[in-house]
Amino acid sequence: MATLGRACLILSLLVAAYGLAAGIAAWRLKRRDLAESARRAVYALAALLTIAMAIVEVAFIRNDFSFVVVASHSSRTTPEQFKLAAMWSSQEGSLLLWAWLLSLWSSLVLFLTRKRMRDVAPVATAVLSGFATFFVALLVFAASPFQTVAVAPEDGTGLNPLLRHAAMLIHPPMLYSGYTLFAIPFAFAVGALAVRRIDADWITATRRFALAAWLFLGIGIVLGARWSYAELGWGGYWAWDPVENASLLPWLTGTAFLHSVMIQEKRGMLKVWNVSLVLATGILAILGTFLVRSGVLDSIHAFGASTLGGPFVALIVALIVLSIWLVASRAAMLRSEHRLDSLVSREAIFLFNNLVFVGLAFVVFFGTFFPLITEALGNKRALGPPWFDRITTPLALVLVALAGIAPLIAWRRATVANLRRNFAVPVGVGVAVAVALIAAGGVAQKPFSLTMFALAAFVVAGVAQEAWRGTRARRAMSGEAPPLALVSLVRRNRRRYGGYVVHLGIALLFCGVAASSAFQHERDVRLRPGQSAHVGHYDVTYLAPIGRVARKDGRIERIMLGARLAVGTHGAKDRHVIEPTRSYYPQDAPFAPVSAMFDGETETQVQLESGLRRDFWVAVEPDVPTLLLPRARYFDRQLVKAISDGRLKSADEQVLAFNQLLQRLVDEYVAERPAAPFRVIDSPMVTWIWLGGLVVFLGGLISLWPGADAARRRVTAGYAARVARELGRA
C-alpha cells in the first residue's frame, strides 16, 4: 500500500508539473489543445491525490503502524472517529490534505469555466498547477506520509489528547478549504492581468469560489474559537495566537474583496483595489499555511520547527514579486471608469469599510510578526492580547457602524430626504438601547461595550427595516402573504439579503464578544470537599473527588481525576451536579512504571453550562506532583522489586500487577478527599458569539446558493448556443 501511495505522489508531481508547463505554453502559443490538455492534467491530479488520501486513511483505520505517520499520530486506543481525523494532525497528512483539496477545487472551477474565458483559463490553470507542484514536491521530497519502517511497533504514540474533540473532525478541513479556495480567484486574477483582460469577467467566474472560501474559512475560525473555549484550560476563545491570526488575515482581506467587487461590477471602480486585495488574500492564505509548519513563531497550534520554512519563504517572495509586477505593469489599464460622486454614498461607505478591514489586517499582521521584527533588531519582544484588544476594539466598532450604514445609504449620492427616511428609525433604536442600558446601570462604566450594544441595535433595526420595506413592496406587487413575500424577496435577491443576514450575524457576534470580555467574572480557588465559593452569579460547592481508569480493548487509555461539584445561581436552592476532570495519558503501553502515567500528554475536560444570558465554565487541575507522584514512585519501586525477586515472572503477571497498583493509586486519591484547585468563570452572552457565527454562515449560504433565475439563465444560454451552432451549420 505504501508503495502504491508513493507512486501516486510521484505521478502527481509529474502531472502537476506538466499542467504548469502546458498551461504556460497554451498561453504563449495560443494553443487551445494544450489548454485542454493542461485542464485534463488537473483532473488526473485530483484522481491520483484521491487515491493517495484513501491509502493513508485506510492505514489509520487498520492500525497499520508500519506507516510512520500512523505510529506517530494514532494508537489502538484512539477512538475510531479520530483515527480518520488523525491524518491531518500530522504535518505530512495536512500537506496531503491541502494538495488534495486544491486539486478538487481546481478541477471544479476549470470544469465550470471550460467554455468561458479561454484566454484567461490557461494562465489560471498554470498557476493552480504551480501551487500543486509546490505542495506535492514537499510531499515527495520532504514530508512523505508514506514513509515506513521494516518492523512495525505493536502500538502507536496516539493522538494528542487536545485534538480528541469533535471540532477536529471538521475544523482543519474547513480552514484548508478556505485557504485552497482563495487560490482560485488568485489564479484567475493573475490570468486576467497576464492577458491584459481587465473587465469583471474573472470576478464573475470566481465570485462563488471567493464567497465559498470566505464561508469555509470563517467556519473554521469560529470552530477553532469554540474548540479553544471548550477544550483548553485557560477559558478563552481567542488568544491572538500567531496561527489563529494567520487564519484571520486572509478572511479580513477576503471580506474586503467581496465588498469592493460590487463597486467594480456596478460602477467600474476600484479595479486596482480589487486585484490587489485578491492577490494579497491568496498570498496570506499561503502565509497561514507557512506559519503552521515553519516554527518561526511560537504557537500551540504549530507543528514545531521543520525544514519546510525555506521553501515556503521562497514561494511567498515569488508570489509577492509576481503580484507587484503584474499590478504595476497594468496600472494604466486598471484605471476606474467612474469617480466617486460623493462621500455620502454607498460606494464611499464600502471604500471606508475596506480601509478598516485592511487596517485590521495590518494591525494583526504587525502584532503577529512583531517578535521577528524585534529579533532582527537584536531585542526580541512580543505583543500580547492587551495590545491587540486596545488597537482592534475601536476598529471593530467602526466596522459594525459601517455594517449598519451600508444597507441604508443610496448609491452614487444620498440626499437629505433619503438619509432622514432611511436612518431615522435605526438611529432612534440605537439611541434608545443606549439610554436604556445606561439607566439599567453597570454598562455606563464600559463605554466600548455600551457603544457596541447601541451599534448592534442600529444594525438589527436597519436590516429589519429593509426587510419590512422589501416585503411590503413584494406584497403590493404579488398579493402574497407576508412570510411567503419575504421568502420570495430573499430568493430573488439572494446576494443582497444574504449580505444583510451576514451583517446581522456580525452584530450579534460582536455583542457576545463585548459582553463576555467586559463583564466576565473569573476566579481561581482552592477548595476542600464541603467548601464553597461564590463567582459572579454562581455558587460552587466541592462535594467529592472522583477518579477513574479508562480502558479500551484491555489497554489503559487514560487516568481521569477530577471533582464532583454542586452548582447553582447565587441564593437559589436548586443545584445540579457537574464533574470537571483532567485526563492523563500513558507514555507507553501496555506496561510502564506507574509514575509514567503522569509524564505523558494531559487533557482538561471542562464542564460548561451554556445559556443565552451567561455561561458557567469550570476546570480542575489535581495536585499530581504533591499528592500522586511520590506514591506512584513508591509503587514503581515495589513493582521493580517484585520483578527482580521473581514474584512476577511472566509479562501477563507484570501487566496485571501494574494495573492493580494503578487502580489502587486512584482509589487512595479518592479516599483521601484532598483539596483541589479550580478555575471558575461566569461569562455573559458567550453563546451569542456562536449564534452570531451561525447567522453569518446562514447569510453566506443564502448568498452562495444558486437562484432559480441563474439556473434558467444557464439553460437559456445553453439552448441559445445550440441554436446558434445549428444556424451556423445551415
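The expected span of a helix is 1.5 Å times one less than its number of residues. In this predicted model, helix H6 (residues 121-141) has 21 residues and reaches 30 Å from its first C-alpha to its last, close to the 30 Å expected on that basis.

**Helix H6**

- Of the 21 residues of H6, 17 are buried, so the helix is largely enclosed by the rest of the structure.

**Packing of H7 and H11**

- Two packed helices are described by the angle between their axes and the distance between the axes.
- For helix H7 (residues 171-194) and helix H11 (residues 309-329), the angle is about 40 degrees and the axes lie 10 Å apart.
- H7 is therefore oblique to H11, and the crossing is left-handed.
- On the H7 side, the contact is made by Phe-186, Val-190, Leu-193 and Ala-194.
- H11 contributes Leu-319, Leu-322, Ser-323, Leu-326 and Val-327 to the contact.

- Three bridges connect E8 to strand E9 (residues 614-620) in the antiparallel sense; Gln-607 has Val-618 of E9 as its bridge partner.

**Strand E4 and its partners**

- Strand E3 (residues 538-552) runs antiparallel to E4 and is joined to it by 14 bridges. The bridge partner of Pro-545 is Ala-563 in E4.
- The hairpin of E3 and E4 has two residues between the strands, and Asp-553 takes a positive phi near 55 degrees there.
- E4 also pairs with strand E5 (residues 576-578), in the antiparallel sense and over three bridges. Here Val-567 stands opposite His-576 in E5.
- Six residues lie between the strands in the hairpin of E4 and E5, where Gly-571 takes a positive phi near 85 degrees.
- Strand E6 (residues 581-584) is paired with E4 through four bridges, again in the antiparallel sense. Gly-562 has Thr-581 of E6 as its bridge partner.

Conventions:
Residues are numbered from 1 along each chain as its sequence is written. This is a predicted model: local features need pLDDT of at least 70, side-chain atom pairs count only at pLDDT 80 or more; totals for chains, interfaces and linings use all residues. Side-chain values use heavy atoms; hydrogens and water are left out. Buried means under 20% relative accessible area, exposed over 50%, partly exposed in between (1.4 Å probe, protein chains only). Two strands pair if DSSP finds at least two bridges between them. Axes are lines fitted to C-alpha atoms, for helices over the stretch in contact, and angles run from 0 to 180 degrees between N-to-C directions. Angles under 35 degrees count as roughly parallel, over 145 as roughly antiparallel, 65 to 115 as roughly perpendicular and the rest as oblique. A crossing is left-handed if the near helix is turned anticlockwise from the far one by less than a right angle, and right-handed if clockwise. Contact means heavy atoms within 4.5 Å.
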